[in-house]
Amino acid sequence: MDVTVVDHPLARARLTTLRDERTDNASFRGALADLTQMLIYEALSGAPVADVEITTPVATMTGAKLANPPLLVPVLRAGLGMVEQAHAMVPESNVGFVGIARDEQTHQPVPYLESLPDDLSRTPVFVLDPMLATGGSMLHTIELLVGRGAVDITAVCVVAAPEGVSALAESGHPVRLVTAAVDDGLNDNAYIVPGLGDAGDRQFGPR
Ligand code: PRP
Ligand code: URA
């Protein structure tokens, strides 16, 4: 599986804000939006473009547009903090939604929402979720997408655990990962270490 770690100094600075337990919810949401911009920029770096003929105030020329804008799929709740910024960067995109809450005892994903187009066979998909821990939530989302024919999936995550990266790689699904960090591992509660805590709670409060 292709894994891209965005290691730009600005990305590292915003990620440090997210990791710091002193960061309040509003500042966390701001830093997450900033970092999402960098991750989406990188995720689109190889995207195909189509020619567009335009006329500038001075001359005619051939410009470019995204040939096939990705469907953006935030995984609720935490992915909601990424979708507005991602959509602002790619206004051509459509948006689907998946809702999953991890069971804190079993660490298994519990899905509660699915709003996706029926046919994704010709659409690249960007799944937006800040955290890739065991990989259970991301794999569930990927299986929903593959079930609709998706063959080009990008997981856009802020922090990944090696366990989650392995789970995606071993799934055999057509997925690549763009992230700002691959951390050390998981603790006994399946939280990423050092991580940044609970990405949903840190944006929206406890559920
Ligand atoms: C978090 C996170 C991922 C999931 C990652 O969501 O946003 O969706 O956990 O864990 P996994 O890789 O082990 O599945 P959570 O279930 O806490 O829900 P929330 O976003 O509503 O807080
Ligand atoms: N979900 C989170 O929000 N954080 C983790 O570290 C693991 C799962």
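**Figure 1. The β5–β6 hairpin.** In this predicted model, strands β5 and β6 form a hairpin. Six residues lie between the two strands. β5 covers residues 97-102, and β6 covers residues 109-115. The strands run antiparallel and are joined by six bridges. Across the pair, I100 stands opposite P111 of β6. The turn holds H107, whose phi is positive at about 70 degrees. H107 belongs to the loop between β5 and β6. Its positive phi occurs in a residue other than glycine.

**Figure 2. The shell around ligand 1.** There are 23 residues around this ligand. R77, A78, R102, S137 and G200 come nearest. By class, the shell has 12 nonpolar, seven polar and four charged residues.

**Figure 3. The shell around ligand 2.** The residues around this ligand are A78, M131, A133, Y191, I192, G195, D198, A199 and G200. Six of the shell residues are nonpolar, two are polar and one is charged. A78 and G200 in this list are also among the residues that come nearest to ligand 1.

Figure 4. The peptide bond from L76 to R77 is cis. Its omega is near 0 degrees. R77 sits in the loop between β4 (71-76) and α3. R77 is also one of the residues that come nearest to ligand 1.

Figure 5. A cis peptide bond runs from V193 to P194. Here, too, omega is near 0 degrees. P194 lies in the loop between β12 (192-193) and α6. I192 and G195 are among the residues around ligand 2.

**Figure 6. Helix α2 against helix α3.** Two packed helices are described by the angle between their axes and the distance between the axes. Helix α2 covers residues 25-43, and helix α3 covers residues 80-89. Their axes come within 8 Å and cross at roughly 45 degrees. That angle makes α2 oblique to α3. The crossing is right-handed. From α2, the contact uses R29, L32, A33, T36, Q37 and I40. From α3, the partners are G81, M82, E84, Q85, A86 and M89. By class, the contact of α2 with α3 has six nonpolar, four polar and two charged residues. The loop that holds R77 lies between β4 and α3.

**Figure 7. Helix α4 against helix α5.** Helix α4 covers residues 136-147, and helix α5 covers residues 162-171. Their axes come within 9 Å. The crossing angle is roughly 25 degrees. Angles under 35 degrees count as roughly parallel, and α4 and α5 are therefore roughly parallel to each other. α4 passes α5 in a right-handed crossing. In α4, the contact residues are M138, L139 and I142. They meet G164, A167, L168 and S171 of α5. By class, this contact has five nonpolar, two polar and no charged residues.

Key
Residues numbered from 1 in each chain as written. Chains lettered and ligands numbered in written order. Predicted model: local features only at pLDDT ≥ 70, side-chain atom pairs only at ≥ 80, totals over all residues. Axes fitted to C-alpha atoms, helices over the stretch in contact; angles between N-to-C directions. Helix = DSSP H or I, 4+ residues; strand = E, 2+ residues; numbered from the N terminus. Parallel < 35°, antiparallel > 145°, perpendicular 65-115°, else oblique. Left-handed = near helix turned anticlockwise from the far one by under 90°. Contact = placed C-beta atoms within 7 Å. Nonpolar A, V, L, I, M, F, W, Y, C, P; charged D, E, K, R; others polar. Near = placed C-beta within 6 Å. Pairing = 2+ DSSP bridges.
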